[in-house]
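Here is a friendly briefing to read alongside the model.

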Amino acid sequence: MSDLADLRSAILRFRDQRNWAQFHTPKNLAAALAIEAAELQETLLWKTDEQIQQLLSTRRGRKEVEDEIADVLIFTLLMCDVTGTNPAVAVMRKLRHNREKYPITRSRNVALKYTKLVPAKRPS
């Protein structure tokens, strides 16, 4: 099961078997998503890149990180469901928008927000 539609179906089936849709308002799901993202961040907090690689090289560490990533994705897909958002369409739209904000000629190898990128040279 790797298809996004299959994941969505499995998540909704799990939710519906427990009658949890009643709790899944956009506000509550946004809070849950933020909390799960913070838990993922907490897993990596204060670790160097090398320590993170060591964590990921262990079965227990990798499982801890993967579990938090899964929670983030679950709540993201639940948010998509309650807001009527097609995640694939939303991601593709956002990528198109980001291509405009981050043109390759100004953003390649640069880790800056688009508002801080060096402006394109104007023809003389």
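Helices (H or I, at least four residues) and strands (E, at least two) are DSSP runs, numbered from the N terminus. Ile35 is part of helix 2, and the chain as a whole has six helices and zero strands. This is a predicted model, in which local features need pLDDT of at least 70 and side-chain atom pairs count only at pLDDT 80 or more, while totals for chains, interfaces and linings use all residues. Residues are numbered from 1 along each chain as its sequence is written, and side-chain values use heavy atoms, with hydrogens and water left out.

**Overall form**

- Along the sequence, the pattern reads α-α-α-α-α-α.
- The radius of gyration (taken over C-alpha atoms) is 19 Å, well over the 14 Å that the globule rule gives for 124 residues, so the chain is more spread out than a compact globule. That rule is 2.2 Å times the number of residues to the power 0.38.
- Along the principal axes, the C-alpha atoms fill a box of roughly 65 × 40 × 30 Å.
- Contact means heavy atoms within 4.5 Å. Among contacts in the chain with a separation of 6 or more, 51% join residues 24 or more positions apart.

**Surface and charge**

- The accessible surface of the chain is about 9900 Å², and 56% of this belongs to carbon and sulfur atoms. Such areas come from the Shrake-Rupley method with a 1.4 Å probe; for residues, only the protein chains shown count as cover.
- Buried means under 20% relative accessible area, exposed over 50%, and partly exposed in between (1.4 Å probe, protein chains only). Of the 124 residues, 18% count as buried.
- There are 21 positive and 15 negative side chains, with the centres of the two sets 11 Å apart. Lys and Arg count as positive and Asp and Glu as negative, while His and the chain ends are not counted. Each charge is placed at NZ of Lys, CZ of Arg, CG of Asp or CD of Glu.

**The nonpolar core**

- A nonpolar core is a set of buried Ala, Val, Leu, Ile, Met, Phe, Trp, Tyr and Cys residues joined through side-chain atoms within 4.5 Å.
- The largest one has eight residues: Ile11, Leu12, Leu29, Ala32, Phe75, Leu77, Leu78 and Met79. At least two of its residues come from each of helix 1 (4-17), helix 2 (26-44) and helix 4 (59-83). Helix 4 gives the most, with four residues.
- In soluble globular proteins, nonpolar side chains tend to be buried together.
- Setting aside neighbours within four places in sequence, Leu77 is in contact with Leu4, Leu7, Ile11 and Pro87.

**Residues to find in the helices**

- Arg15 sits in helix 1 and counts as buried because its relative accessibility is 9%. Beyond its neighbours within four places in sequence, Arg15 contacts Trp20, Ala21, His24, Leu78 and Asp81.
- Arg15 and Leu78 are 63 residues apart along the chain, yet their C-alpha atoms are separated by 9.1 Å.
- Ile35 has 48% relative accessibility, so it counts as partly exposed. Its C-alpha atom is 8.7 Å from that of Val72, 37 residues away along the chain.

**Residues to find in the loops**

- Asn19 is in the loop between helix 1 and helix 2. Although Asn19 is not a glycine, it has a positive phi of about 55°.
- Trp46 is in the loop between helix 2 and helix 3 (49-56). Its phi is near 70°, a positive value in a residue other than glycine. With 77% relative accessibility, Trp46 counts as exposed.
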